[in-house]
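User: I have a structure to study and would like to work through it step by step. Please keep the answers brisk.

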Amino acid sequence: MSERDVSRELAPVKVTLDVNGTAHRLEVPAHRTLLDAIRDDIGLTGTKKCCADGECGACTVFLDGRIVNSCLVLCAEAEGCSVGTIESLSVGGLTDLQEEFLAAGAVQCGVCIPGQVMAAEALLQTNPTAKPAEIREAMSGNLCRCAGYERIVAAIQAAAKRRGSSR
Amino acid sequence: MTADPVPPERGAPSGHGAESYRAIGRPVTRSGGAERVTGAQSYLTDLVFPGAAEVAFATIPVGCAEIVAVDTSPATALPGVIAVVTAADLPPSASRFGISHQDRPVLASGTVNFHGEPVAAVVAETSDLARAAADAIEIEYRELPGVYNLADALTSDARLVQDPSIRPRDPLNDTNVLETADYAWGELEPEQARTHLIVENTYTFPMVTHFPIEPGGVVAAPTDDGGVAVYSPVQHPYLLQRIVADLTELPLSKVRVVAPDPGGGFGGKQTPRYEPLLAFLAIQTERTCRLVLSLEETFQLMRRSGCRIAARTGFTQDGQLTFHELSADFSIGAYADVAPRVMTKGSYVGAGPYRIPVVRVAARAVLTNTTPSCAFRGFGAPQVSWATESQLDAGGRQLGIDSLEMRRRNLVGVGEAFICGDHEATADGRWHESLERAAELIDWSEPVTPGRGRGIAVGIKPGATSGLSQSLVRLLYDGSAIVYAGTSDMGQGARTLWQQILAEELGVELGRITIISGDTDVVPFDLQTSASRSTVFMGNAVLEACRDIRLRVRRLYAEATGIDEADLTDSPGVMIGPDGAMPLVEAAQAALGGLRGEFVGQGTCRLRGVQGHPLGGDAAFYEFNCTAVEVDIDPDTGELLLTKHVTVGDVGTELNPLQVVSQDEGAAIMGLGHTLMEQVLLDDHGRIQNLGALDYRIPTFNDVAIEMVSDSIENNDGPGPYGCKGISEGALLCTSGAVGAAVADAIGVQLRDLPITAERIWTAMRAADARSAE
Ligand code: FES
Ligand code: FES
């Protein structure tokens, strides 16, 4: 039997945040995660949910320019922040990184892939010449049960090379 | 009989080489890939169902209990609650259901038989309200002495997991043994005389869970015609349709199953579990009802059976197997699901792909108060392979013969029987080639660096033993095409292969081919997506549909042009007439003429079973794999570093090398999971202790070998299109055996319990040190 005061827990809070360049004003329960807000309140379902525990990386988004597991952030904590989701990457068509994911055979069931692409994008931005060992380390928070790990590393290397030669 | 150990060039074609195909054998990128890298792909929980009500379950925190009373009134009283349903509220037709055994209740009734089994379901306006209401339900229960492991389940006074009334005609219904399988051949006595060494050991294989990155869920909605639509990311939509139709007493035509592409299945999304309940909730409330599962709930929905295998094996002095006896107990959980089949099929190949004069395999599917186990990549084969491969190495170590040589001496050659008796099974591939290729790739002949160890092992798994796949292909006027094929594309890339087959056979451009699947209202019947069958079964059905279209084009072209049909030849992608060859799509357009229209082709692939066969029929093909690994063990901590991991599959023909590599590496790394880290742990109350991603580790980027090599042998000798075989499971069949052998090679001690954790290695090393100090 629950002793909790359900109505208090469900009391809404007002949050303003920017998602992919668009301002959103939301009224959500205080316990609503950023992940659920992105998926259910804003309707962007490219960001995926698996563990809801910060362990799998499926929900990876950019929050003020740094990647986070959006299941570990409360929507209310993102007040005034700017959020970038997978949908923001490919507005002008597939990115070089996304193309390399396909070419390398990194995409199987695909559920983990948006999170993988976001984490890889962040890695390429911070360490454009990452070596395989560094790639593995940086990506180790993103689980893939289809285990396309070798393919993903190959895709990131190929994208890094493309970016390096076009610089 | 001797085998041919000389490996050919990679992919050397025996008949048709890939170079003569236009689309087959090419690394075509995944159909649906762009959607998956951009997040546009809609999995079940991404679909929008306006006005849907949300469902949550009430459970109790023990694995076995009598339900004394359920007070739903505190939940019913809450705002936004539409319905609260217990087993008593379901219609009489909501009987127990299942595939081979009708033993699973739609909702727990009378007892809870495993941790997490739902006792009541709440339908509410939002998921928060549904959760709060489910938590408010008061369940009074009396904990019972559940059986949570094999030892407890098999004692003579063990509590019965299933009441005998659930299987009244079963002579074993007063035990926890649900089914048994026995395979035996050969006379023991003469072989004993030849036997120089007998090795006897017991091995264990842990319960592990599928952990799909898409936990999934179910949505059910009443339809306008008085039926019900069920949305579920299942591997077997037509099975689900049948079971829901049976339970709701609706005709098949009024049960529509929509199966969005699963976000990972691995066998865990084959059988119906909560779908019947959701169908009843939708019918009762006249609302669309949505259940979204958490990852924790999927741990309580699917797992691989754990296994304990006692093995006794005889060898001649030069390492030839003389006899092999196995008794394997599979801990299958509280309800049958497909676990009896897992036990039967896995133990069928229990003796491995070897030439053994005498074999005795006795296997049992044992009920326990745990999550019902189901299909999981490998389907029982990895469990028994762990024991048999380790036995070969144990014998070899004592005889001074290395792992490779042990396999060279015992592995059957092509056409040679490895299962004897009334229903003999023979090697359908040149398996020695895979063995030699893997040995070469791991540099077996080079000395091992001190502190490291190397292991090599082989595995087989029978493919489907019966099956039916039907498909339709429509070649449209403008030369584009639509394929209707019921295979669930859960990551293996089935759609890509159907595109390649159409491109090959009809000459349609890949980008102009649409694949429709996952909707029983539209797509013809397909038995199931399992056992790596689809490329062979559905592939042949699509191929036949294409050839049907080619015949129709030829006939109509002859009629339309007045050319004698006998002067026309249809061949892949082209039509050859008196004036030479023309693209088939152009011939099709010319044949259709001003009325336009389209060609519809139909294809069926049917494999009937064999009466009296222990598996119900001969396997359409065998998946064969050889895995070789090199490990580095830290002598102070027991930590294992995988320095190299080689997997070689006997694939027949690679229809798409990119997808073959993805599947092969994926399976291999998944195999590292149950080998090195994964196990579901239970407490004394049958509760899963490591429930969720925080405590249950699966392989990450950091767990993959420093160097990983995936290769294949192509002899175009499979029963599928262009000589292919199924390939999606091979690379995890013998991962454990290979790693176990490498660890033994490195530390001099063989481990027999999976997972091989650093702690177990460390303990084994210390025990060995203590022994040698004595
Ligand atoms: S869903 Fe956020 S880390 Fe798994
Ligand atoms: S592609 Fe399936 S989980 Fe990564």
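User: How much area is buried between chain A and chain B?

Analyst: Keep in mind that this is a predicted model. Carbon and sulfur atoms give 61% of the area buried between chain A and chain B. The whole buried area is about 4,400 Å².

User: How many residues of chain B are in contact with chain A?

Analyst: Take chain A's side of the contact to begin with. It holds 52 residues. On the side of chain B, the number is 54.

User: Which residue of chain B meets R145(A) in a salt bridge?

Analyst: Chain A and chain B have 5 salt bridges between them. One of them involves the side chain of R145(A), with an N to O distance of 2.8 Å. The partner is E678(B).

User: Which element gives the most to the largest nonpolar core?

Analyst: The largest nonpolar core has 160 residues. F101(A), F211(B) and Y622(B) have the most contacts inside it. In soluble globular proteins, nonpolar side chains tend to be buried together. With 8 residues, the element that gives the most to this core is α4(A).

User: Which residues of chain A does F211(B) touch?

Analyst: Leave out residues up to four places away in sequence. Within chain B, F211(B) touches L295(B), F299(B), A693(B), Y696(B) and I698(B). Across in chain A, F211(B) touches C50(A), L143(A) and R145(A).

User: Is N113(B) buried or exposed?

Analyst: N113(B) is in the loop between β4 (111-112) and β5 (120-124) of chain B. Its relative accessibility is 5%. Buried means under 20%. So N113(B) counts as buried.

User: Which side chain has a polar contact with the side chain of N113(B)?

Analyst: Not counting residues up to four places away in sequence, N113(B) touches G63(B), V161(B), A334(B), Y335(B), N369(B) and T370(B). The polar contact between side chains is 3.5 Å. It joins N113(B) to T111(B).

Notes:
Residues numbered from 1 in each chain as written. Chains lettered and ligands numbered in written order. Predicted model: local features only at pLDDT ≥ 70, side-chain atom pairs only at ≥ 80, totals over all residues. Heavy atoms only, no water. Helix = DSSP H or I, 4+ residues; strand = E, 2+ residues; numbered from the N terminus. Buried < 20%, exposed > 50% of the residue type's maximum accessible area, 1.4 Å probe, protein only. Polar contact = N/O pair within 3.5 Å; in protein donor to acceptor, adjacent residues only side chain to side chain. Contact = heavy atoms within 4.5 Å. Buried area = accessible area lost by both parts, 1.4 Å probe. Salt bridge = Lys/Arg side-chain N within 4 Å of Asp/Glu carboxyl O. Core = buried A, V, L, I, M, F, W, Y, C linked by side-chain atoms within 4.5 Å.
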